[in-house]
Amino acid sequence: MREDFQAYIDQYTARMKAADHEGIPAIRKEFADWYYALSETEREEIRPFWKAIKDRARQTVAEIKDALNELQQLQDVRIVVEGAEYDLHEWITISEYSRIHNLKVSRVQNWISRGVVPRNKVLAIPQLNNVKLIKNEIYTKV
């Protein structure tokens with residue numbers, strides 16, 4: 001492709017990336033006017049370049065869709081213990097609870113053993129060597 005074409009397209013791309021939402025239509029119109037003022041031969045020279053850009057854009061969009069799908073799946077993380085289903089966004093480990101709420105692990109364990117944290121707010125998972133999860137709520141001494 002001719003260097004002047006490449007320079008104009010690079011400039012157009014940079015302007016589009018830097019433009020705000022309102023400025024984009026004017027930049028596109030300016031580019032379209034330039035493009036359609038070219039001869040058919042000159043447009044043919046540019047087309048492979050645009051095809052490569054479109055292919056990269058499609059690939060990037062597909063990658064973004066895949067990443068969003070993965071994030072959606074992470075949001076739906078659930079565990080089944082003894083027939084009951086639990087959302088792992090609500091249930092966290094004792095050490096994580098301690099870190100989040102700025103407490104010592106021993107204090108949280110003490111609250112569990114003394115009943116400050118109700119039994120239905122603590123979950124032991126036998127399949128994971130009886131690791132304990134605690135519902136992420138604020139607990140206070142009664």
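How accessible is Arg 15, and does that make Arg 15 buried, exposed or partly exposed? I looked this up before anything else, keeping in mind that the model is predicted, and found that Arg 15 has 30% relative accessibility and therefore counts as partly exposed.

Next I followed the side chain of Arg 15 to its partner, and I noted a salt bridge with Glu 30, in which the closest N and O atoms are 2.8 Å apart.

I then stayed in helix H2, where Asp 33 and Lys 29 are four residues apart and so are separated by about one helical turn. Their side chains meet in a salt bridge of 2.9 Å, N to O, and I recorded a relative accessible area of 44% for Asp 33.

In helix H3 I looked up Glu 44 and Arg 47, three residues apart, about one turn of the helix. Their salt bridge brings the closest N and O atoms to 2.2 Å, and both residues belong to a network of salt bridges that also takes in Glu 40 and Arg 43. For the whole model I noted a count of 10 salt bridges.

Last, I turned to a nonpolar surface patch of about 290 Å², made by Ile 64, Leu 68 and Leu 71. Leu 71 lies in helix H3 (residues 40-75) and is partly exposed, with a relative accessible area of 47%.

How values were computed:
Residues are numbered from 1 along each chain as its sequence is written. This is a predicted model: local features need pLDDT of at least 70, side-chain atom pairs count only at pLDDT 80 or more; totals for chains, interfaces and linings use all residues. Side-chain values use heavy atoms; hydrogens and water are left out. Patches are made of residues with over 30% relative accessible area and no salt bridge: like charges are joined within 9 Å, nonpolar side chains (Val, Leu, Ile, Met, Phe, Trp, Tyr) within 5 Å. Accessible areas come from the Shrake-Rupley method with a 1.4 Å probe; for residues, only the protein chains shown count as cover. A salt bridge is a side-chain nitrogen of Lys or Arg within 4 Å of a carboxyl oxygen of Asp or Glu. Helices (H or I, at least four residues) and strands (E, at least two) are DSSP runs, numbered from the N terminus. Buried means under 20% relative accessible area, exposed over 50%, partly exposed in between (1.4 Å probe, protein chains only).
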